[in-house]
Amino acid sequence: MKQLHGFFRTFQLLCVLVLCCPAGLKAQQELDVIRNWMHFTDAPNSLYRHLAGEAYPLLARRQAAVAALKGQAAWQQRQQSIRNNLMEMLGPFPGPTPLRPKVMRTVQKTDYRVEHVVFESQPSFYVTASLYLPATLKKGAKAPAILYCSGHSNTGYRSGAYQRVILNLVKKGFIVLAFDPVGQGERLQYMNPETGTSRFKWPTWEHSYPGAQLFITGSSMARYMIWDGIRAVDYLVSRPEVDAQRIGVTGRSGGGTQSAYIAAFDKRVKAAAPENYVTSYTRLLQTMGPQDAEQNFPQAIARGFDIGDLLLVRAPAPTLMITTTRDIFSIQGSIETAEEVKAAYAAYHKQDNFRMVTDDAAHASTEKNREAMYAFFQRHLNNPGNGKDEPVTALTDEELQVTPSGQVATSLQGETVFTLNLREADRLKNKLQKARQQPDYLAGAVKNARELSGYRAPGKAEKPVFTGRLQKEGYTIEKAFIKGEGDYPVPYITLRPGSGSTGKAVIYLHPAGKAADAAGEMAWLAKNGFTVLAPDLLGTGETGPGVFKGDSYIDSCTYNTWFAAMLTGRSITGIRAGDVVRLAQVLAQDKDVKEVCALAKEEMAPVLLHAAAFDKNITRIALVNPGLSYQSIASTLQYPPEAIQSAVPRALGAYDLPDLAASLAPRYLLIANGGDADEADLVKKAYRGQHAETRLQIVPEAGTEQLHDALKKWLQTQSLTTLTGGSR
């Protein structure tokens, strides 16, 4: 878990900006709207607080419903509901195909041997694993087996801490199958061919980077990892040495996540002991927040699901929660979850089948917890013996290598998560293209966008709070804020022309917030007679931690806030779009404004497209450097990470950004420095159908001068109201 590193990285970068750019900082600070308001001292955390605030009432409702369960029948009904929810959120799984297991080589030791194995969880999707067989195993006899799941180590199960557990279990007579999760060990998805290592700094990024693409197509990284685990159990039961009635699963940290998942889905797992993972969503949101892609299910909280349901669904099967008091996963959440699970086991009169063990430690394995786990498996898998944690001699890196090159990518050159998901993205693209042939598809696309983005149409906008005015040459700047969708402010500045006002106002959206272009393009617009309203939308400017491009976006937890929105069925884009509509209402009530226009740059383009598609009062729309469509994000191996916060989970197949652009016809639309020609043709076709070709400008390559010329044309043509004879 390296996300905390991202916070400190962001803080350091901000400190550099402060120390090295005092003039720029002073210019930015004079545009601050709420900096000196004590009520808004936590404004940079507004996005996260709002997302968490969406979740808490849903979680409280679920908690109350679980607390009210009485009797075994009620619990059984709850368990069936959990199973249905899990399959709807994560399924369907690919279905069983031949494993084609191959023992790559064998390492013989005095008291055990290791068979290094590769099997296919999906066709040509290779899983590297090691099967540890105790020397005490007699010919023809069957022994209990443990599936060991690795946490987030670069080397997978080869980590010294994990090897200690594995070899102790082997000493105690258990067969152990340890396998590499996607993106770890010998299964790197984003390998740098020059170094043979991941191009990402941390293994969690190997999960979240493709995980976001999976969410856009309606899949998930959890689905892939769970299926790998289920197929690993398939391999175990195929081995003649394994007693299929005595299978257990364990793992710590990310391995705790996987072991809880696999045990919840696969009834062949008799005993499960997840370690350093199980807490509650409420306490997780109150502490470090949602984590890696595989630890998040689409709409989980909105569906009334909590982490503890992974254990509840197993009752009364033997389960051990292994925890530490100073874990990164809240111990209070673990305690509260354990109380819920105990009630389920009590309803079955099987209280002895569930236990929570705790040691005073950080996010780590301890001797006390290891010995509790050994004893648990020895009891419930009927394999009594010495339960002490014994010293072991770890295998060398060379002895632990499974494939000839040490990486599936170079030894076997099979499928990756990206290539498998690309097929799904292509299927959804074809589905959408068929829908586009229908005469009413645009109305359906806008409806889908409303639902999937979690957009909530605002009521009447509250009156703005005025906080100051600045005089500039040729224009003035007014500072104000309004209340956003939730309990947070939307700070904004309004540049008003000193003379010669055109009556047109431009909502100006920049991913870095209101100060980014204030002295440049916004000032240019004001001096040309246009009122400009530039906000800090939720998570930007004064209400956010800052904007950094490239891998630093992953570093600063951009993915994790996006996951937080998804858990409640919302999207950051949908929330921001609602606030853009609120700002349009503010301008519509301004006596000096006759027409509301809007311009968005880069990652704010999807936000504006959603807002304009939902609110026809925005009569002119300009998209500058609009970036990738959702189809393009899902279909690009190395997409820009900053694009993710503007994406909408499950959008593919239902709608895409070009559909929203097409729905704007016959309003004025300018697209500057856009990308795909096919997407542009889709928009052109819609404008031709509305006989509004002259209201669409597409400028493929626009420098500053060309862009300003295009903006003048976009703004200075006859108003849409006059042309159509209608009203805004």
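Predicted model: local features only at pLDDT ≥ 70, side-chain atom pairs only at ≥ 80, totals over all residues.

Me: At what angle do helix 6 and helix 19 cross?

Reply: Helices here are DSSP runs of H or I with at least four residues, strands are runs of E with at least two, and both are numbered from the N terminus. Axes are lines fitted to C-alpha atoms, for helices over the stretch in contact, and the angle between N-to-C directions runs from 0 to 180 degrees. Helix 6 (residues 203-216) and helix 19 (residues 558-567) have axes that come within 11 Å and cross at roughly 30°. Angles under 35 degrees count as roughly parallel, over 145 as roughly antiparallel, 65 to 115 as roughly perpendicular and the rest as oblique, and helix 6 and helix 19 are therefore roughly parallel to each other.

Me: Which residues make that contact?

Reply: Contact means heavy atoms within 4.5 Å. Helix 6 contributes Ser 208, Tyr 209, Ala 212, Phe 215 and Ile 216, and helix 19 contributes Tyr 559, Trp 562, Phe 563 and Met 566. By class, the contact of helix 6 with helix 19 has eight nonpolar, one polar and no charged residues, where Ala, Val, Leu, Ile, Met, Phe, Trp, Tyr, Cys and Pro count as nonpolar, Asp, Glu, Lys and Arg as charged, and the others, Gly among them, as polar.

Me: How does helix 20 pack against helix 21?

Reply: The axes of helix 20 (residues 572-588) and helix 21 (residues 605-614) are 8 Å apart, at an angle of about 60°, and that makes helix 20 oblique to helix 21. On the helix 20 side, Thr 573, Arg 576, Ala 577, Val 580 and Val 581 meet Pro 606, Val 607, His 610 and Ala 611 in helix 21. This contact of helix 20 with helix 21 has six nonpolar, two polar and one charged residues.

Me: Is Gln 258 buried or exposed?

Reply: Buried means under 20% relative accessible area, exposed over 50%, and partly exposed in between, with a 1.4 Å probe and protein chains only. Gln 258, which lies in helix 8 (residues 254-265), has a relative accessible area of 4% and is buried. Leaving aside residues up to four places away in sequence, Gln 258 touches Cys 149, Ser 150, Phe 179, Pro 181 and Met 225. Ser 253, in the loop between strand 8 (242-252) and helix 8, counts as buried at 5% relative accessibility, whereas Pro 391 counts as exposed at 70%.

Me: How many aromatic pairs are found in the whole structure?

Reply: Rings of Phe, Tyr and Trp (its six-membered ring) pair if their centres lie within 6.5 Å, and planes under 30 degrees apart count as stacked, over 60 as edge-to-face and the rest as tilted. A search of the whole structure finds 26 aromatic pairs. For Tyr 261 and Phe 297, the ring centres are 5.0 Å apart and the planes are at 45°, so the pair is tilted. Tyr 261 belongs to helix 8 and Phe 297 to the loop between helix 9 (281-286) and helix 10 (309-312), 36 residues apart, and the pair links distant parts of the chain. Both Tyr 261 and Phe 297 are buried.

Methods: Residues numbered from 1 in each chain as written. Heavy atoms only, no water.
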